[in-house]
Amino acid sequence: MTRKQKRLAVIAGGMGFILVAVLLVMFAFSQSVAYFYMPGDLANNPVAPGTRIRLGGLVGAGSVVRGEGSVVRFAVTDPSGEIVTVRYQGILPDLFREGQGVVTEGTFETGSNVFTADTVLAKHDETYMPKDVADRLKAQGLWEEGKGAGQGEATKGEAAKGQEAQAQQTKATP
């Protein structure tokens with residue numbers, strides 16, 4: 001074998017190794033993919049029982065029913081008005097409540113339209129504020145319970161400036 005042939009053989013072997021590695025990674029990812037659906041999507045395009053999916057939406061008002069042990073049934077709904085009944089066995093997250101966003105992962109039971117979840121993730125709102133900062137803003141009248149910052153007497157810009165000043169004050173004081 002000439003030097004050029006050896007070099008081409010090494011390059012071809014390396015490319016073959018990389019190709020096999022990429023194919024194995026792609027196969028592994030295709031086996032673990034769980035598609036995200038909302039109840040309206042499922043009404044239009046039902047999935048086969050046993051297919052692993054993620055179901056997201058809002059927990060329906062008055063739909064949470066606790067059964068024996070740690071079994072919980074609740075409804076997931078979306079703006080389209082479609083409802084999917086979910087059955088979950090386990091401990092629910094602290095943020096789980098009616099009207100709150102939720103993402104569940106699992107499969108549909110064979111022969112029924114009940115979604116059996118093995119994972120429930122509660123979504124929180126994006127208006128998180130540390131308790132001490134919220135208390136100070138409430139005392140100043142810049143924040144009202146249930147309305148969020150900027151919905152009281154102040155505008156959103158003034159509330160943001162107030163939050164920044166309070167946060168800086170909190171950092172400055174030991």
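**Aromatic pairs and the nonpolar core**

Both Phe108 and Phe115 are buried; buried means under 20% relative accessible area, exposed over 50% and partly exposed in between, with a 1.4 Å probe and protein chains only. The structure is a predicted model, in which local features need pLDDT of at least 70, side-chain atom pairs count only at pLDDT 80 or more, and totals for chains, interfaces and linings use all residues. Residues are numbered from 1 along each chain as its sequence is written, and side-chain values use heavy atoms, with hydrogens and water left out.

The chain contains four helices and nine strands. Helices (H or I, at least four residues) and strands (E, at least two) are DSSP runs, numbered from the N terminus. Their order along the sequence is α-β-α-β-β-β-β-β-β-α-β-β-α. Of the 174 residues in the chain, 28% are buried. The accessible surface is about 12100 Å². Carbon and sulfur atoms hold 58% of that surface. Accessible areas come from the Shrake-Rupley method with a 1.4 Å probe; for residues, only the protein chains shown count as cover. Contact means heavy atoms within 4.5 Å. Among contacts with a separation of 6 or more, 46% join residues 24 or more positions apart.

Confidence was examined next. pLDDT is the predictor's confidence in each residue, from 0 to 100. The chain has a mean pLDDT of 78. A value of 70 or more is reached by 72% of the residues. Among the elements, β5 has the highest mean, 92. Strand β9 (residues 148-149) has the lowest, 44. Over residues 148-159, pLDDT stays under 50. For this stretch the model has 16 contacts beyond four places in sequence.

The structure holds two aromatic pairs. Rings of Phe, Tyr and Trp (its six-membered ring) pair if their centres lie within 6.5 Å; planes under 30 degrees apart count as stacked, over 60 as edge-to-face and the rest as tilted. The ring centres of Phe74 and Phe96 lie 4.9 Å apart, and the planes meet at 65 degrees, so this pair is edge-to-face. The pair links distant parts of the chain, as its two residues are 22 residues apart. Phe74 belongs to strand β4 (residues 71-77). Phe96 sits in the loop between β5 (83-89) and β6 (101-108). Phe74 has 1% relative accessibility, so it counts as buried. Phe96 is buried too, with a relative accessible area of 11%. Phe108 and Phe115 form an edge-to-face pair, with 5.2 Å from centre to centre and 70 degrees between the planes.

Strand pairing places Phe108 and Phe115 in context. Two strands pair if DSSP finds at least two bridges between them. β6 and β7 pair in the antiparallel sense over seven bridges. Phe108 stands opposite Phe115 in β7. The hairpin of β6 and β7 has six residues between the strands. In this hairpin, Gly111 takes a positive phi near 85 degrees. β7 (residues 115-122) also pairs with β5, in the parallel sense and over three bridges.

Ala117 is found in strand β7. Tyr88 stands opposite Ala117. Ala117 has a relative accessible area of 6%, so it is buried. Beyond four places in sequence, Ala117 is in contact with Val86, Arg87, Tyr88, Gln89, Thr104, Glu105 and Gly106. The C-alpha atoms of Ala117 and Val86 are separated by 6.7 Å, although these residues are 31 residues apart along the chain.

The largest nonpolar core has 19 residues. Such a core is a set of buried Ala, Val, Leu, Ile, Met, Phe, Trp, Tyr and Cys residues joined through side-chain atoms within 4.5 Å. Phe74, Phe96, Phe115 and Val120 have the most contacts inside this core. β2 (53-59), β4, β5, β6 and β7 each give two or more residues to the core. β7 gives the most, with four residues. Apart from residues up to four places away in sequence, Phe96 touches Val59, Val64, Phe74, Val102, Val120 and Ala122.

Ser70 lies in the loop between β3 (65-66) and β4. At 32% relative accessibility, Ser70 is partly exposed. Ser70 and Gly90 are 20 residues apart along the chain, and their C-alpha atoms are separated by 5.2 Å.
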